[in-house]
Amino acid sequence: MDPDTTLDTPALDVQQEATDTQYADEWWRSAVIYQIYPRSFADGNGDGMGDLAGIDMRLGSLHDLGVDAIWLSPFYTSPQRDGGYDVADYRDVDPRFGTLSDFDALLAHAHSLGLKVIVDLVPNHSSSDHVWFQEALAASPGSAERARYLFRNGKGPGGDEAPNNWESVFGGPAWTRVTEADGTPGQWYLHLFDSSQPDFDWTNRWVRDEFIGILRFWLDRGADGFRVDVAHGLVKAEGLPDWTAEDGAATTMSMGSALESDLLGHAQQDPATPPYWAQDGVHEIYREWHQVLAEYEGDRVLCAEAWVEPLARLARWVRDDEMHQAFNFSYLETSWSATALRRVIAASLEAFGDVGAPSTWVLSNHDVIRHATRLAMPGHGAQVTEAAVSDDQPDDAHELDEALEPVEDLDGTTTAASLTSPLASDHPTAPDPVLGLRRARAATTLMLALPGSAYLYQGEELGLPEVLDIPADRREDPVFFRTDGERMGRDGCRVPLPWAAESPAYGFSTTGESWLPQPDLWRELARDAQHGVPGSTLELYRATLAERSRRDMGTGTIEWLTDYGADVVAFVNNGVTVIANVGEFAVELPVGDVLLSSEALSEAALPTDTTVWLLVTPAE
Ligand code: NOJ
């Protein structure tokens, strides 16, 4: 028998015991958290850009959906050169999105509906428009103002060469040279992302104290926690040494190359760590923050956006005196393969369980290709993100062959499939949308059956696909521009939501404005076209969230079932039998009551790419 079908679950018993006792009121251990990307959720003032008033107006729909919390991507003062992840004032709201009073009103409204609110903290870098950076530019080398950031002299005659060979995650060099006050070419500053996002120097106590002040600012206003951007990047190796990846290893947050390495069988258990990621020094920062949050009532939380592998290493971010959660990107990147899914689920529960943390689960966010598209891409949707490292390997040579098969491009031409991210490719593929949606529904129905905390990304409850054909002159992601369009970037998962089929901009704005164009197809995917319609994706999400909550599956444990063959993922969680058929052939179902299913079931068989939850009738 395939060893992966006989997984045991020792770590789960530990988690169960803990859940029953000291963790009972820690809401975040089992919460379903809905990510709002404010630019694209709902526009309250008609300018084509989403805002806090728009979110407030639509909050009832999230309560109706059945989530426990919302996470707001950045709404702070920002020139928006990276969609708000370039913050110019950490203690204010950008006028595009509203005011601090709008935030307070939104928070109060959410709390009145029983929804927690997590805000985004961006501590690795600020915007170059931030007054701290402007003061640093105006000050001289060696000054206290420059010491807030990573300014260095260049190498070579005249300091004309960058201080080291690091590359930006968004493409191009990670260093930019400044002109000093006297007009001469001057020092260089580090930016792991866009040149408008200078990295802070976290060895500087001043920086640490400022961020503790920022944490307190939002905690005092009542925020329930923080999603921490680039939580693996704050501390850089001493001396900022040059670094060159080995062939096939990941060089930046863009992990297409890591997939290549995995698919070709070179996966490393503990891959070489670039001197700018996952340095041990980050942990003392989070221990300090943990103490700050612990002073506040009501279980405030920190969730790490840390692209770190393997899972056992990522678990260091959620030791009991550090953060509370970390996004499980290994899960997001797992291919649509039963073996790979069983493996990553077991590894996640074990790795997080070992440190007393809940596992999280996530399939989509504002940085990756929406899973309704990704899961129908060559290679079964594995590793098609801008930013991740995966533990996964293909099940067998067949899967690798499939990943390498030629694919048809949008313009009808056929090219070899890229093993790297489509975001890193100049040939976006257009996978079968019917297959993609079917798998996405099955994948979500599986994910929401797992114990721990799950993250949903706005629009996935409508089954929205990635938009692959946004014209170049409408795109905004710096990834697209820094690579001269070679990498598509992330605009395709950020297109404003369709709320009402027959309204201008599908109800996103009152005026019909939308900062990115919405495809015609979105009329039929609009929320009001799905609400109350049996079998719609929206109703599937609502039913699944309600059942998950009713049966306490978020705090449950799983017991693997091995009777259904190697191509299924099957387990029992709190009495609910969950079977996901990831294989090509229908699987016979046990006798019992079906609670819900990602596709309509016509007989006692589970078709391909379908997940069912049922109460099995005990044998006589
Ligand atoms: C991760 C965020 O999710 C992404 O959108 C952003 O571009 C980078 N961090 C840089 O802040």
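Colleague: How far does a polar side-chain atom of H125 lie from an oxygen atom of the ligand?
Modeller: This is a predicted model: local features need pLDDT of at least 70, side-chain atom pairs count only at pLDDT 80 or more, and totals for chains, interfaces and linings use all residues. Residues are numbered from 1 along each chain as its sequence is written, and side-chain values use heavy atoms, with hydrogens and water left out. A polar contact is a pair of N or O atoms within 3.5 Å; within protein, one must be able to donate a hydrogen and the other to accept it, and residues adjacent in sequence count only if both atoms are side-chain atoms. For H125, the distance from a polar side-chain atom to an oxygen atom of the ligand is 3.0 Å.

Colleague: Which residues around the ligand come nearest?
Modeller: A residue is near a molecule if one of its heavy atoms lies within 4 Å of it. There are 13 such residues around the ligand. The ones that come nearest are D82, D229, H366, D367 and R490.

Colleague: How many residues of the shell around the ligand are charged?
Modeller: Asp, Glu, Lys and Arg count as charged; Ala, Val, Leu, Ile, Met, Phe, Trp, Tyr, Cys and Pro as nonpolar; and the others, Gly among them, as polar. The shell has 4 nonpolar and 2 polar residues, and the number of charged ones is 7.

Colleague: What is the distance between the end C-alpha atoms of helix 4?
Modeller: Helices (H or I, at least four residues) and strands (E, at least two) are DSSP runs, numbered from the N terminus. The expected span of a helix is 1.5 Å times one less than its number of residues. Helix 4 covers residues 100-112, so its 13 residues should span 18 Å. The model agrees, with its end C-alpha atoms apart by 18 Å.

Colleague: Which residues on the other side of helix 4 are exposed?
Modeller: Buried means under 20% relative accessible area, exposed over 50%, and partly exposed in between (1.4 Å probe, protein chains only). In helix 4, F103, L106, L107 and A110 are buried. These four lie on the same side of helix 4 because they cover an arc of only 100° around the axis, where the arc is that of the directions from the helix axis to the C-beta atoms. On the other side of helix 4, the exposed residues are S101 and S112.

Colleague: Which residue caps the N-terminal end of helix 6?
Modeller: Helix 6 (residues 205-221) has 17 residues, so it should span 24 Å, and its end C-alpha atoms are 25 Å apart, which agrees. Its buried residues include F211, W218 and R208. After helix 6 comes G222, with a positive phi near 115°. At the N-terminal end, a side-chain oxygen lies 2.8 Å from the backbone nitrogen of W206, and the capping residue that carries this oxygen is N204.

Colleague: With which residue's side chain does the side chain of R29 make a polar contact?
Modeller: R29 lies in the loop between helix 1 (10-20) and strand 1 (32-36). Its relative accessible area is 13%, so R29 is buried. Its side chain makes a polar contact of 2.6 Å with the side chain of E26.

Colleague: Is T334 buried or exposed?
Modeller: T334 lies in the loop between helix 10 (329-332) and helix 11 (338-354). A polar atom of its side chain is 2.7 Å from the backbone oxygen of S330. The relative accessible area of T334 is 4%, so this residue is buried.

Colleague: How far apart in space are W166 and L240, C-alpha to C-alpha?
Modeller: W166 sits in the loop between strand 6 (151-152) and strand 7 (175-179). Its relative accessibility is 3%, so W166 counts as buried. In sequence W166 and L240 are 74 residues apart, while in space their C-alpha atoms are separated by 9.0 Å.

Colleague: Is the peptide bond from E309 to P310 cis or trans?
Modeller: P310 is in the loop between strand 10 (301-304) and helix 9 (311-314). The omega of the bond from E309 to P310 is near -10°, and the bond is cis.
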